[in-house]
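Here is a short tour for someone meeting this structure for the first time. Have a look at the sequence and the model, then read on.

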Amino acid sequence: MQGDTDVRNNPAESRYELATEKGIAFSAYQRRDDILVFTHTVVPKALEGQGIGTRLVAGALADVRAQGLRIVSRCPFVSAYLQRHPEDRDLVTESSPA
């Protein structure tokens, strides 16, 4: 899609972002040591159904992997992504951070 930029981690806002010409999609997280707890994902209405959320989560998880972190999903969208993409399930940790 034209106008997209790469998925970026915005640690100041505790979220991964994907900026497009029609708005910013984001997936929020809480960091607990080496674990990111994904809490919710937001895709602007104008971008729904275009694969933006999938691109966002894929990019976020690629960054998590590159940093050697693990995740816990409390976000229905991230959980659904992981069901469809078993290759990323190794990032999920069973231990829930305090």
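## Salt bridges

Let's start with a term: a salt bridge is a side-chain nitrogen of Lys or Arg within 4 Å of a carboxyl oxygen of Asp or Glu. By that rule the count here comes to three salt bridges. Arg65 forms a salt bridge with Asp90, with the closest N and O atoms 2.9 Å apart. Arg65 lies in helix H1 and Asp90 in the segment after H2, so this pair ties together parts that are 25 residues apart in sequence. Arg65 also forms a salt bridge with Asp88, and there the closest N and O atoms are 3.2 Å apart. Asp88 too sits in the segment after H2, so its pairing with Arg65 ties together parts that are 23 residues apart in sequence. Put together, Arg65, Asp88 and Asp90 are linked in a network of salt bridges.

How open are these residues? Here, buried means under 20% relative accessible area, exposed means over 50%, and partly exposed is in between (1.4 Å probe, protein chains only). Arg65 is partly exposed, with a relative accessible area of 36%, and Asp90 is partly exposed at 44%. Asp88, at 11% relative accessibility, counts as buried. Elsewhere, the side chains of Arg15 and Glu17 meet in a salt bridge (2.6 Å, N to O). Arg15 counts as buried at 19% relative accessibility, and Glu17 is buried with a relative accessible area of 15%.

## Where the model comes from

This is a predicted model, in which local features need pLDDT of at least 70 and side-chain atom pairs count only at pLDDT 80 or more, while totals for chains, interfaces and linings use all residues. Residues are numbered from 1 along each chain as its sequence is written, and side-chain values use heavy atoms, with hydrogens and water left out.

## The nonpolar core

Now for the inside. A nonpolar core is a set of buried Ala, Val, Leu, Ile, Met, Phe, Trp, Tyr and Cys residues joined through side-chain atoms within 4.5 Å. The largest nonpolar core has 20 residues, and Tyr16, Leu36, Phe38, Leu61, Val64, Ile71 and Val78 touch the most other members. At least two residues of this core come from each of strand S2 (15-20), strand S3 (23-32), strand S4 (35-42), helix H1 (52-67) and helix H2 (76-84). Which element gives the most to this core? That is H1, with six residues.

Those labels come from DSSP runs: helices are H or I runs of at least four residues, strands are E runs of at least two, and both are numbered from the N terminus.

## Two helices packed together

Two packed helices are described by the angle between their axes and the distance between the axes. H1 and H2 pack at an angle of about 80°, with their axes 10 Å apart. That makes H1 roughly perpendicular to H2. The axes are lines fitted to C-alpha atoms, for helices over the stretch in contact, and angles run from 0 to 180 degrees between N-to-C directions. Angles under 35 degrees count as roughly parallel, over 145 as roughly antiparallel, 65 to 115 as roughly perpendicular and the rest as oblique.

Which residues of H1 and H2 meet? On the H1 side they are Gly53, Thr54, Val57, Ala58 and Leu61, and on the H2 side Phe77, Val78, Tyr81, Leu82 and Arg84. Contact means heavy atoms within 4.5 Å. By class, the contact of H1 with H2 has seven nonpolar, two polar and one charged residues. In that tally Ala, Val, Leu, Ile, Met, Phe, Trp, Tyr, Cys and Pro count as nonpolar, Asp, Glu, Lys and Arg as charged, and the others, Gly among them, as polar.

Two residues other than glycine have a positive phi. Ser14 has phi near 55° and lies in the loop between strand S1 (8-10) and S2. Ser14 is partly exposed, with a relative accessible area of 29%. Asp33 has phi near 55° as well, and is found in the loop between S3 and S4. Asp33 is exposed, with a relative accessible area of 70%.

Thr93 lies in the segment after H2 and counts as buried, at 15% relative accessibility. Leaving out residues up to four places away in sequence, Thr93 touches Ile35, Arg70, Ile71 and Val72.
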